[in-house]
Amino acid sequence: MSKQDGSSRQVTTGPVDDSATPILHVDMDAFFVSVELLKRPDLRGKPVLVGGTAGRGVVSAASYEARRFGVNSAMPMSLALQRCPSAVVLHGDYASYSEYSRRVMAIFEEITPLVEKLSIDEAFLDVSGARRLHGSPAEIAWSLRRRVRDETGLNCSVGVAATKFVAKVASSRAKPDGMLVVPADRTLEFLHPLPVSALWGVGRVTEESLTRIGLRTVGDVAAMPADALERAVGSALAAKLGHLAMGVDARDVVTGREEKSIGHEVTFGYDLTDLEQLRRELLRLCGDVAVRLRRAGLVGRTVVLKLRYGDFRTVTRSRTLGEPTDVARRIYDEASAALGELAGDGARIRLIGVRAEQLRLSSGGGAMLWDPDEEWREAERTIDEVTARFGRGAVRPASLVRPAADRVESSRRKDADGNDVR
């Protein structure tokens, strides 16, 4: 994969055969930082970080100037500032990021209805049916980049290819602010010199397994006998990597995706041992999960508690309900019971999270003859109405009025596809 600082940037500058490359992958460049620079143009050209600074704060996004110092997203902010002491640190404005994401995605959907949103700042587009109106895939990619820049002030990079996998790799090579078209008949010529880390499914551990047997490039993987590759990484992953290394990816652009879970988690500024503090924070998180369920018109049947201890050991416990729910009190009761089994007795807790799984559409709350959560449900819906009128925090449980633990980083949990990053 290309270096994240853009030093190995590769772009298309002249005529190219894009006749069999209908898939675009569009990725916003340093999205959070770029939105902040619209408000702070004086910081352009300087190393800028978005994230938390206290305690265990982490980098949410880094400008390309900061990346040249070896700073990347998800890095502890303390380490980032050691590597780049001159960096300017800004706190995230997630409402602004969501609004700019909405505007960018609307531009995509004006070009083609076949838009698969991967996260707040990237998407796949299938422009097969847009050629007559908007031109060839390369022309569409070029005009799309111009529209995004003119209408939002932000830059994006676009990969154009015959498949989703190759398009995504191409957009990463084109960063920042570039476009790279990979002609269908030159797919292997493009892929095979790349490092094995360019393959989806190859993280640090898998990369080490592959390099131990001498596989350093995508071409090495493509040339490896199937049985030898299976011994190194297992049969399922070997089959997947073998196909990708040959440029084979039969997946279509999918416009709708079922949400698999909704959750929130928080990392504390220092390890907590007080069970009551943990329960207060858990109640807050359960409230956030329930609000998102109701907004999405969903209910969940399984409640999952996640804990990370001071030694970084992470455990989860799940409880399945008799009836699915969108009520915070029900979610909290189940998660709190699991918490009592895992915390206390001096256990040091670094992170706590809760999520709802086995989601389905809500029936409106009246499906059951007897609803054990009826009173709580009505109370919480009333709070939703008050919040809509007067803002978040206008009404909240009494226990949350008491000071809770200091928090460093609070974020919505990513779903299985990486969505809803905060």
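Trainee: Which class does V248 belong to: buried, exposed or partly exposed?

Mentor: This is a predicted model, in which local features need pLDDT of at least 70, side-chain atom pairs count only at pLDDT 80 or more, and totals for chains, interfaces and linings use all residues. Residues are numbered from 1 along each chain as its sequence is written, and side-chain values use heavy atoms, with hydrogens and water left out. Buried means under 20% relative accessible area, exposed over 50%, and partly exposed in between (1.4 Å probe, protein chains only). V248 has a relative accessible area of 41%, so its class is partly exposed.

Trainee: What is the area of the nonpolar surface patch made by L188, M246 and V248?

Mentor: Patches are made of residues with over 30% relative accessible area and no salt bridge; like charges are joined within 9 Å, and nonpolar side chains (Val, Leu, Ile, Met, Phe, Trp, Tyr) within 5 Å. Accessible areas come from the Shrake-Rupley method with a 1.4 Å probe, and for residues only the protein chains shown count as cover. The patch of L188, M246 and V248 has an area of about 230 Å².

Trainee: Where in the chain is V248?

Mentor: Helices (H or I, at least four residues) and strands (E, at least two) are DSSP runs, numbered from the N terminus. The chain has 15 helices and 13 strands. V248 is in the loop between α12 (235-245) and β9 (261-272).

Trainee: Which residue of β4 is the bridge partner of L49?

Mentor: An open sheet of three strands has the order β3-β2-β4, with mixed pairing. Two strands pair if DSSP finds at least two bridges between them. Strand β2 (residues 48-51) joins β3 by three bridges in the antiparallel sense, and pairs with β4 in the parallel sense, also over three bridges. The partner of L49 in β3 is A62, and in β4 it is V89.

Trainee: At what angle does helix α1 run to β2?

Mentor: Both faces of β2 are covered, with V48 and V50 buried on one side and L49 and G51 on the other. Helix α1 (residues 31-39) lies across β2, β3 and β4. Axes are lines fitted to C-alpha atoms, for helices over the stretch in contact (heavy atoms within 4.5 Å), and angles run from 0 to 180 degrees between N-to-C directions. Helix α1 runs to β2 at about 110°.

Trainee: How many residues of helix α7 are buried?

Mentor: In the chain of 422 residues, 48% count as buried. Helix α7 (residues 164-174) is mostly covered. Its buried residues include K164, F165, V166 and R173. Of the 11 residues of α7, the number buried is 10.

Trainee: How far apart are the closest N and O atoms in the salt bridge of E116 with K164?

Mentor: A salt bridge is a side-chain nitrogen of Lys or Arg within 4 Å of a carboxyl oxygen of Asp or Glu, and the structure holds 25 of them. The pair joins distant parts of the chain, with E116 in strand β5 (residues 115-119) and K164 in helix α7, 48 residues apart. E116 counts as buried because its relative accessibility is 10%, and K164 is buried too because its relative accessible area is 4%. The closest N and O atoms of E116 and K164 are apart by 2.7 Å.

Trainee: In which helix do E281 and R284 lie?

Mentor: The side chains of E281 and R284 meet in a salt bridge (3.3 Å, N to O), and both residues are buried. An α-helix has 3.6 residues a turn, so residues three or four places apart point the same way. E281 and R284 are three residues apart, about one turn, in helix α13 (residues 275-296).

Trainee: What is omega of the peptide bond from K175 to P176?

Mentor: K175 is linked with D27 and D29 in a network of salt bridges. P176 is in the loop between α7 and β8 (179-181). Most residues other than glycine have a negative phi, and most peptide bonds are trans. The bond from K175 to P176 is cis, with omega near -5°.

Trainee: What is phi of A74?

Mentor: A74 is in the loop between α2 (64-67) and α3 (77-83). The residue is exposed because its relative accessible area is 64%. A74 is a residue other than glycine with a positive phi, near 75°.
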